[in-house]
Amino acid sequence: MIADAGRVLAGGATSNWQIAQPQAVWMSHGQGSHVWDVDGNEYVDMHGGYGACIAGHGYPAIVEAVSRQVTRGTHFAQPTEDAIWVATELSRRFGLPQWRFANSGTEATMDAIHLMRALKGRDLVIKVEGCYHGHHDSVQVSVLPEPEEVGPPDAPNRVPGNTGIPQAIMDLIVLVPFNDLGAVERVLKEHDGRIAGMILEPVMMNAGIIPPVDGYLAGLKELLHAHDAFLTFDEVKTGFTTGPAGATGRYGVTPDIVCLAKALGGGISVAAIGGTAEIMSAIGDGRYEQVGTFNGNPLAMAATRANLTHVINDAGYERLDALAARAREGFEDHIAANGLPWRVVSVGAKGCVAFTGEPVRNYRDFLEVDDRWGHLHWLMQHNGGVFLPPWGKVEQWLLSVQHTDEDVDLLVSNFGRLAAVAGRS
Ligand code: PMP
């Protein structure tokens with residue numbers, strides 16, 4: 001049956017990013033920190049559904065909340081009381097007063113870009129080279145461009161991230177490198193009065209993991225506000241995997257807009273967008289129509305409430321921090337024992353190996369990272385019983401509150417075999 005999947009499913013999977021060579025890994029079920037494929041192979045799941053499954057699988061409080069809601073109606077396209085609870089909790093954590101919901105990270109960042117443009121009445125938006133914000137037109141620019149496409153660092157090419165993206169829309173994006181306040185200042189001056197705002201991942205997490213240098217996020221906010229432009233943090237990946245209030249809480253900088261998705265819903269698809277009173281008033285008074293049939297879906301809201309209550313709390317983070325430290329130390333030991341220049345980069349529940357000896361501060365540095373090791377690492381983990389995202393150096397592992405020390409030790413020992421091979425080569 002699965003050998004035949006390509007006949008009815010384009011590319012033989014349900015998203016292009018589910019296709020690992022030679023074919024997608026077809027899942028049967030998951031429980032706790034483990035998943036089983038249809039052939040009965042069991043893996044420790046550190047793919048985590050591309051960063052969504054911070055609760056692991058079948059977390060009892062989430063199962064209970066979703067089961068209860070299933071029997072009471074799965075969809076009304078009208079708000080339920082859980083939405084007020086979730087919005088109140090997100091306001092408390094992220095310091096932004098008002099929220100709306102959507103279904104995917106793509107929708108959240110699309111609303112953010114629309115809002116920035118609508119409120120400022122300007123079309124230009126600053127985007128960081130190498131940041132991914134979903135698959136809508138405005139942000140499909142220089143996502144993972146090839147080295148031969150990128151152009152000079154001080155005048156980067158706008159490279160389409162997909163086919164079907166109009167040049168006219170790409171021309172509205174102004175590219176800057178990550179971790180470079182000077183570049184942002186320059187483009188703000190160059191396009192004075194024409195820039196609506198800037199969107200970025202506050203920790204780059206679609207090019208391995210690249211943390212912000214000290215003062216970068218606060219500096220952005222200051223610069224953008226000085227030029228009457230907005231700052232949006234796309235926390236679709238960093239929200240809840242870097243701390244209970246995402247990178248906003250971790251680095252202590254509250255932007256004008258925060259986008260959340262992935263780990264928010266405890267494994268159910270949900271997204272949220274939060275903003276200042278000024279920005280969200282445009283939704284409230286209808287200047288901007290933030291809409292969607294499934295927005296605030298009752299199942300998603302029930303799951304999100306249970307997730308925020310029982311999983312993404314201080315106790316959850318204590319557990320995640322301990323697991324993350326165990327992983328980091330294990331990787332560092334293997335790197336040192338084999339005399340390798342590599343580094344393990346870990347922020348909160350997310351981690352990866354930078355297969356380079358050089359500092360990685362932006363996408364241009366990341367292009368120097370050796371992806372052959374990234375791919376081999378994925379294969380070694382896969383064959384060693386740990387399921388990671390099939391994207392070599394690009395993606396990260398995600399720890400969940402249901403992972404055990406033994407799960408982390410398996411991840412580390414599989415890496416040890418790779419490090420031993422690299423050390424000999
Ligand atoms: N923003 C970021 C930072 C992401 O990593 C992703 C997904 N990888 C998205 C937005 C898009 O989210 P979705 O796939 O839910 O549309």
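The centres of domain 1 and domain 2, taken over C-alpha atoms, are separated by 24 Å. Domain 1 covers 2–59 + 313–424 and domain 2 covers 61–310, with bounds that come from an automatic or database domain assignment. Please keep in mind that this is a predicted model, in which local features need pLDDT of at least 70 and side-chain atom pairs count only at pLDDT 80 or more, while totals for chains, interfaces and linings use all residues. Residues are numbered from 1 along each chain as its sequence is written.

Where the two domains touch, 31 residues from domain 1 and 32 residues from domain 2 take part, contact meaning that C-beta atoms, placed from the backbone, lie within 7 Å. On the domain 1 side, the elements giving two or more residues are α2 (48–51), α12, β11 (343–347), β12 (350–354) and α13 (363–366); helices (H or I, at least four residues) and strands (E, at least two) are DSSP runs, numbered from the N terminus. That side divides into 19 nonpolar, seven polar and five charged residues, where Ala, Val, Leu, Ile, Met, Phe, Trp, Tyr, Cys and Pro count as nonpolar, Asp, Glu, Lys and Arg as charged, and the others, Gly among them, as polar.

Helix α12 (residues 314–337) also packs with helix α15 (residues 405–424): their axes come within 9 Å and cross at roughly 20°, the axes being lines fitted to C-alpha atoms over the stretch in contact, with angles from 0 to 180 degrees between N-to-C directions. α12 and α15 are therefore roughly parallel to each other, a label for angles under 35 degrees, just as angles over 145 count as roughly antiparallel. Among the residues making this contact are Leu323 and Phe331 of α12 and Val408 and Phe415 of α15, and by class the contact has nine nonpolar, three polar and two charged residues.

The second pair is helix α3 (residues 60–70) and helix α11 (residues 298–310), whose axes come within 8 Å and cross at roughly 155°. That makes α3 roughly antiparallel to α11. Their contact has ten nonpolar, three polar and one charged residues.

Methods. Parallel < 35°, antiparallel > 145°, perpendicular 65-115°, else oblique.
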